[in-house]
Amino acid sequence: MKIGIAGSLESNDCLVTIKESKEFSIKVQSIVDVFYHDQIVELITSVLEDMNIKNVEVTLIDKGALNYTIKARLLTALHRMEANHA
Amino acid sequence: MHRSYLFIPGNNPAMLQNADIFGADAVIFDLEDAVSITEKDSARQLLKAYFETLSNPGFSIYVRINALTSSLGVIDISMVMNEIIEGIVLPKATVQDIKMLSKLLDTFESARRIKKKTVIIPIIETAKAVFEIGQIAQLPRVSALLLGAEDLTRDMEIERTKNGLEIQYPRAKIAFACKAFEIEAIDTPFTDVTDEEGLEADTLFAKSMGMNAKSAIHPNQLETINRLFTPTDAQITEALRVVKADKEAQKVHRGVFSLDGKMIDKPVVERAEKLLEKARHYGLLGDTDEK
């Protein structure tokens, strides 16, 4: 299975795991879930759409990361997943 | 003109998002020693995304890339190159590497339509670099030299001590070369972040040798470094008196005069003017001060 992991569980960071999957899914667990869950899902969706990636399962554990950190960790996880495949 | 350069690990989101509150004149985002080989890709991606969010950060931005002797350095530049970056800090610098980096920057600046010239700060941390300091200091794009004492003493196979006797020669050589070619001389970091007295003594000594800035590896070192490289009120007052007295002396065509029993000549006046220039830069001079 193709898989990519990036980030950490340290404060202000997030841990992103992305796997190849038949169905598209995004799971978010955040310390600011009540306020930002939808916004984080939207951000992940937007990054994946920009890269035309559909068949993946994304799990993100957020420890208060800002948007650019989430985006960077997601992109790194994606590249690592692709590199694992190659 | 900078007093302090703070190293921040390139893969640390918490430090990145607080970079503007530490009080450093310049921040060096590190992709080299502070980032493990398995996390280089992650750090590059994080810095790229971070730089894209910045507009007026309030401090100068530098990136320490990996050495150009590995393929990592080129990948670093290709990922993070951005208009907001003031310069690239080059580890294990040699004349040859700096020339190579300059050509790479030409290419990336042109390809990304970056209008400003990205500067280079070579780290002097090998015996070869110390030998080449005079040449390095006058290369195009080089805006400062940074002493890297830890790697240098390792290269020299000598002990690194707190009193720094073993780095007097490279410190002096850097200070002279930088003065000669009008670039900044940045001192090596003081690595014991718990020793405030040691930091103060080390900074004062480096300053006395002609260094005009110091790098830091922890935000808690910045207050001391900034304070010691900032003119004091007493120094400013004295410099203002000297410059004012010089103006009076010039009216009566006197090149040398006495102030409080001390001889004041051209070098003393020039020193006072330089100090006031620094004070002006840090906003320490009011309009009325200079009248």
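**Questions on a predicted model**

Mentor: S4(B) is found in strand β1 (residues 4-9) of chain B. Keep in mind that this is a predicted model.

Trainee: Is S4(B) buried or exposed?

Mentor: Buried means under 20% relative accessible area. S4(B) has 0% relative accessibility, so S4(B) counts as buried.

Trainee: Which backbone nitrogen does the side chain of S4(B) reach?

Mentor: S4(B) touches several residues beyond four places away in sequence, including G23(B), A24(B), D25(B) and A26(B). At 3.1 Å, its side chain reaches the backbone nitrogen of D25(B).

Trainee: How far apart are the end C-alpha atoms of helix α11 of chain B?

Mentor: Helix α11 covers residues 233-251, which is 19 residues. At 1.5 Å a residue, the helix should span 27 Å. The model agrees, because the end C-alpha atoms are apart by 27 Å.

Trainee: What covers the buried residues of α11(B)?

Mentor: Among the buried residues of α11(B) are I236(B), L240(B), V243(B) and D246(B). Residues three or four places apart in an α-helix point the same way, because there are 3.6 residues a turn. The cover over the buried residues of α11(B) includes, from chain B, β9 (257-259), β10 (262-264) and α12 (266-281).

Trainee: Which residue just after α11(B) takes a positive phi?

Mentor: Look just past the end of α11(B). The phi there is about 60 degrees, and the residue is H253(B).

Trainee: Is F35(A) buried or exposed?

Mentor: F35(A) sits in helix α1 (residues 33-50) of chain A. With V34(A) and Y36(A), F35(A) forms a nonpolar surface patch of about 410 Å² accessible area together. Exposed means over 50%. The relative accessible area of F35(A) is 69%, so F35(A) is exposed.

Key. Residues are numbered from 1 along each chain as its sequence is written. Chains are lettered from A and ligands numbered from 1 in the order in which they are written. This is a predicted model: local features need pLDDT of at least 70, side-chain atom pairs count only at pLDDT 80 or more; totals for chains, interfaces and linings use all residues. Side-chain values use heavy atoms; hydrogens and water are left out. Helices (H or I, at least four residues) and strands (E, at least two) are DSSP runs, numbered from the N terminus. The expected span of a helix is 1.5 Å times one less than its number of residues. Buried means under 20% relative accessible area, exposed over 50%, partly exposed in between (1.4 Å probe, protein chains only). Contact means heavy atoms within 4.5 Å. Patches are made of residues with over 30% relative accessible area and no salt bridge: like charges are joined within 9 Å, nonpolar side chains (Val, Leu, Ile, Met, Phe, Trp, Tyr) within 5 Å. Accessible areas come from the Shrake-Rupley method with a 1.4 Å probe; for residues, only the protein chains shown count as cover. A salt bridge is a side-chain nitrogen of Lys or Arg within 4 Å of a carboxyl oxygen of Asp or Glu. A polar contact is a pair of N or O atoms within 3.5 Å; within protein, one must be able to donate a hydrogen and the other to accept it, and residues adjacent in sequence count only if both atoms are side-chain atoms.
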